[in-house]
Amino acid sequence: MTAPAEPRNLERDRTRRALARFDRGGEARDMAAAVQSALGYVPEAAIERVAVHAGVSPDAVRSIVESDAVLRLTPSARHRVTICTGRTCARRGGARLVKLARRTLGIPLFTSTDDEAIHIEPFRCFGECAMAPNVHIDGGTRGAMTESRFRLLLGVLVRR
Ligand code: FES
């Protein structure tokens with residue numbers, strides 16, 4: 001019997017692809033910019049990967065991002081909606097919530113609406129599986145999310 005496949009970690013996959021073109025070397029700033037193009041900003045997990053790729057410390061990468069006028073440590077949108085795509089959440093409706101967010105807002109994952117109201121992204125397990133499916137809105141957990149409640153929340157966030 002084979003073990004069930006791990007859910008894909010889209011953020012990690014995109015970061016790896018963004019950094020692949022620097023396999024023969026490059027500047028940490030350029031690597032961070034490539035990650036931002038892929039994810040909309042340079043998240044903490046990506047800072048670690050850029051640091052390893054560039055052969056510098058994570059603090060050095062963080063400092064480069066903080067002092068750069070273009071690079072960001074957080075999404076530029078007013079609200080950040082992170083949908084759990086871990087195994088339990090995905091099975092209990094998380095995968096449908098991802099589709100609903102993309103369809104309702106008309107944007108792909110890892111991007112923000114044109115008016116910078118909402119940034120949407122997936123995350124693989126918040127460690128709060130008992131309340132699945134979970135969504136984080138501006139860092140706060142909204143558990144047992146239903147499609148109708150999520151649609152309402154997105155409508156409220158778009159106006160705020
Ligand atoms: S799978 Fe969603 S919180 Fe664990």
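**The chain as a whole**

What you're looking at is a predicted model. The chain holds six helices and five strands. Read from the N terminus, the elements go α-α-α-α-β-α-β-β-β-β-α. Along the principal axes, the C-alpha trace spans about 50 × 45 × 25 Å. How does the radius of gyration fit with a compact globule? A compact globule of 160 residues would come out near 15 Å, and the chain has 17 Å, which agrees.

Where the two touch, five residues come from domain 1 and six residues from domain 2. On the domain 1 side, the elements that give two or more residues are helix H1 (10-20) and H2. Sorted by class, that side of domain 1 has three nonpolar residues, one polar and one charged.

**H2 and its partners**

Helix H2 covers residues 28-39, and it packs with helix H3, residues 44-54. There's also a contact between H2 and helix H4, which is residues 58-67. Here are the two pairs with their values:

| Helix pair | Angle | Axis distance |
|---|---|---|
| H2 and H3 | about 145 degrees | 10 Å apart |
| H2 and H4 | roughly 70 degrees | within 10 Å |

Let's take H3 to start with. H2 passes H3 in a right-handed crossing. Which residues meet there? From H2 come Ala 28, Met 31, Ala 32, Val 35 and Leu 39, and they meet Ala 46, Val 50, His 53 and Ala 54 of H3. By class, this contact counts eight nonpolar residues, one polar and no charged ones.

Now for H4. Are H2 and H4 roughly parallel or roughly perpendicular to each other? The axes cross at roughly 70 degrees, and angles of 65 to 115 count as roughly perpendicular, so H2 and H4 are roughly perpendicular. H2 passes H4 in a right-handed crossing, too. On the H2 side the contact is made by Ala 28, Arg 29 and Ala 32, while H4 brings Ala 60, Val 61, Ile 64 and Val 65. The class count here is six nonpolar, no polar and one charged.

Technical notes: Residues are numbered from 1 along each chain as its sequence is written. This is a predicted model: local features need pLDDT of at least 70, side-chain atom pairs count only at pLDDT 80 or more; totals for chains, interfaces and linings use all residues. Axes are lines fitted to C-alpha atoms, for helices over the stretch in contact, and angles run from 0 to 180 degrees between N-to-C directions. Helices (H or I, at least four residues) and strands (E, at least two) are DSSP runs, numbered from the N terminus. A crossing is left-handed if the near helix is turned anticlockwise from the far one by less than a right angle, and right-handed if clockwise. Two residues are in contact if their C-beta atoms, placed from the backbone, lie within 7 Å. Ala, Val, Leu, Ile, Met, Phe, Trp, Tyr, Cys and Pro count as nonpolar, Asp, Glu, Lys and Arg as charged, and the others, Gly among them, as polar. Angles under 35 degrees count as roughly parallel, over 145 as roughly antiparallel, 65 to 115 as roughly perpendicular and the rest as oblique. The radius of gyration is taken over C-alpha atoms; the globule rule is 2.2 Å times the number of residues to the power 0.38.
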